[in-house]
Structures are given as C-alpha cells and as structure tokens.
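Subject: Handing over the structure

Hi,

Here is the structure I promised to pass on. Have a look at it first, and then read my notes below.

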Amino acid sequence: MDVFTAISQRSSVRAYKPTDVEEDKVKKILEAVRLSPSASNRQEWRFIVVRNKETKKKLAKAAFGQSFIGEAPVVIVACGTDSKAIMACGQPTHTVDVSIACAFMILQAYELGLGTCWIGAFKEDETKKILSIPEHVRVVAVIPLGYPNQPLSQKSRKSLDQIVCFEKYE
Ligand SMILES: Cc1cc2nc3c(=O)[nH]c(=O)nc-3n(C[C@H](O)[C@H](O)[C@H](O)COP(=O)(O)O)c2cc1C
C-alpha cells in the first residue's frame, strides 16, 4: 500500500472486533512511532501500550465514557515527557512531536488492516492517575487499536481551494 492510499482510505474506527492484535503488528506500529521525526530529534515521548481489560475500561471512563475505547484489544496512550519545551515559533514541542508520531502510528496501523481513532476528549488528570504517569508528563492522545467492526466511512473534507492560498494569506 502506498502512503497516499493509506491517507485517503483511512477513517476513524469506533467499533472493534474482540480479535486480539498480533504482537508483531503492534511491534511494527511502535517501530513507526520510534522512527517518527521530532524537534531537534529529542524524542521526548513515551507510549504506553495497554491490553488489560480493567485498565482499558477505566481509560474509557476517563474519556467521557467513550465505551469503544474499552472494547479495543489495545489502547496506546501517547505522552510528551518534556512539556516545558517551546519551539522558536512559539508552539509547544511535545504536542507537535507526539502528534506526528501518532499520525505515523495510525497510518501504519491502517496498512496492517487495523483501525484506530484519535481520542482527544479525555480527562488528563484521571488518565494520568490510572496509568501512574508522573506529574511533569503530558498526555497528548489516547489511541484505541484493533480490527474494525464497521464499514469504512466516507470522508467529509473542505475542498482544496477552501484551505489553500498562494503567495499570501487570503
Ligand atoms: C485531535 C483530535 C481529537 C479527536 N478526538 C476524538 C474523540 O475524542 N473521540 C472521537 O470519537 N473521535 C475523535 N477524533 C476523530 C475525529 O472526529 C475524526 O478524525 C474526524 O471526524 C475525521 O474523520 P476520519 O478520522 O474518519 O477521517 C479526534 C481527532 C483528532 C485529530
């Protein structure tokens, strides 16, 4: 599968089969994460792989009851380990770095036939408590992972001319 095929065909998955995800597939997804770029190549991140049923249920509760998180065989919690670093452009480094790694993660997962859904609606304090995440570490995203139990949905996106301009901001 080429990159554009993965980008254009992937969609968020909010229903998962109970089938477990093979360890070698999880490993390849984590390898995609490991190889992702980061500001100054600092790799200030930590990815927690959760398979424990009770823990996943707690994570779903911390995500405002999005129960499909608890039903996915694997949940990956993506953290930035240096939340103080700010790039010269003013953007917080950890949010950008971890988001890039998560984007690579979901595309790699798609290529392996697996579904994901980026979860940004979660209570960070509660999530950190569940997983014993230290105070200085920030949780950027929670990503359930598993075999899809729903058809792929159609993409609804703005057109290129709505989002692109040339030479100056218009
Ligand atoms: C930063 C971010 C946060 C998101 N948070 C949630 C969420 O908490 N729950 C959810 O079901 N989907 C969440 N999504 C998924 C989006 O709703 C979804 O990507 C968008 O509607 C486009 O659909 P697609 O992923 O199927 O192409 C999030 C996506 C992003 C990028």
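A quick word on names before anything else: helices (H or I, at least four residues) and strands (E, at least two) are DSSP runs, numbered from the N terminus. Glutamine 108, for example, lies in helix α5, which covers residues 93-111.

Two housekeeping points. This is a predicted model, where local features need pLDDT of at least 70 and side-chain atom pairs count only at pLDDT 80 or more, while totals for chains, interfaces and linings use all residues. Residues are numbered from 1 along each chain as its sequence is written, and side-chain values use heavy atoms, with hydrogens and water left out.

Back to glutamine 108. With a relative accessible area of 16%, glutamine 108 is buried (buried means under 20% relative accessible area, exposed over 50%, partly exposed in between, with a 1.4 Å probe and protein chains only). Leaving out residues up to four places away in sequence, glutamine 108 touches Lys28, Ile29 and Ala32; contact here means heavy atoms within 4.5 Å.

Now the sheet. Strands of a sheet pair through backbone hydrogen bonds, either parallel or antiparallel. I call two strands paired if DSSP finds at least two bridges between them. In this model, four strands make an open sheet in the order β1-β2-β4-β3, and the pairing is antiparallel. β1 (45-50) and β3 (115-116) are at the edges with a single partner strand each, so one side of each has no neighbour in the sheet.

Going through the pairs:

- β1 and β2 (residues 74-80) run antiparallel and are joined by six bridges; tryptophan 45 has glycine 80 in β2 as its bridge partner.
- β2 and β4 pair over seven bridges, again in the antiparallel sense, with valine 75 facing proline 144 of β4 as bridge partner.
- β3 and β4 are antiparallel too, joined by two bridges; here threonine 116 has leucine 145 of β4 as its bridge partner.

β4 is mostly covered, since eight of its nine residues are buried.

What packs on the sheet? Helix α2 (residues 23-34) does, touching β1, β2 and β4 (138-146), and its direction makes about 165° with that of β1. Those angles run from 0 to 180 degrees between N-to-C directions, with axes as lines fitted to C-alpha atoms, for helices over the stretch in contact.

On to charges. Side chains of opposite charge can pair when their charged atoms come close. A salt bridge here is a side-chain nitrogen of Lys or Arg within 4 Å of a carboxyl oxygen of Asp or Glu. How many salt bridges does a search of the whole structure find? It finds seven.

- Glutamate 23 and arginine 51 meet through their side chains at 3.2 Å, N to O. Glutamate 23 is in helix α2 and arginine 51 is in the loop between β1 and α3 (53-62), so this pair ties together parts that are 28 residues apart in sequence. Glutamate 23 counts as exposed at 52% relative accessibility, and arginine 51 as partly exposed at 29%. A network of salt bridges links Asp20, Glu23 and Arg51.
- Arginine 34 and glutamate 31 form a salt bridge at 2.6 Å, N to O. Both lie in helix α2, three residues apart, which is about one turn of the helix. Arginine 34 is partly exposed at 49% relative accessibility, as is glutamate 31 at 32%.
- Glutamate 44 pairs with arginine 42 in a salt bridge whose closest N and O atoms are 3.7 Å apart. Glutamate 44 is partly exposed at 28% relative accessibility, and arginine 42 is partly exposed at 38%.

Last, the stretch after β4. Lysine 155 sits in the loop between β4 and α7 and is partly exposed, with a relative accessible area of 31%. Not counting residues up to four places away in sequence, lysine 155 touches Ile7, Ser8, Arg10 and Ser11. Lysine 155 and cysteine 89 are 66 residues apart in sequence and 32 Å apart in space, C-alpha to C-alpha.

Phenylalanine 166 is in the segment after α7 (160-163), and its 61% relative accessibility makes it exposed.

Cheers
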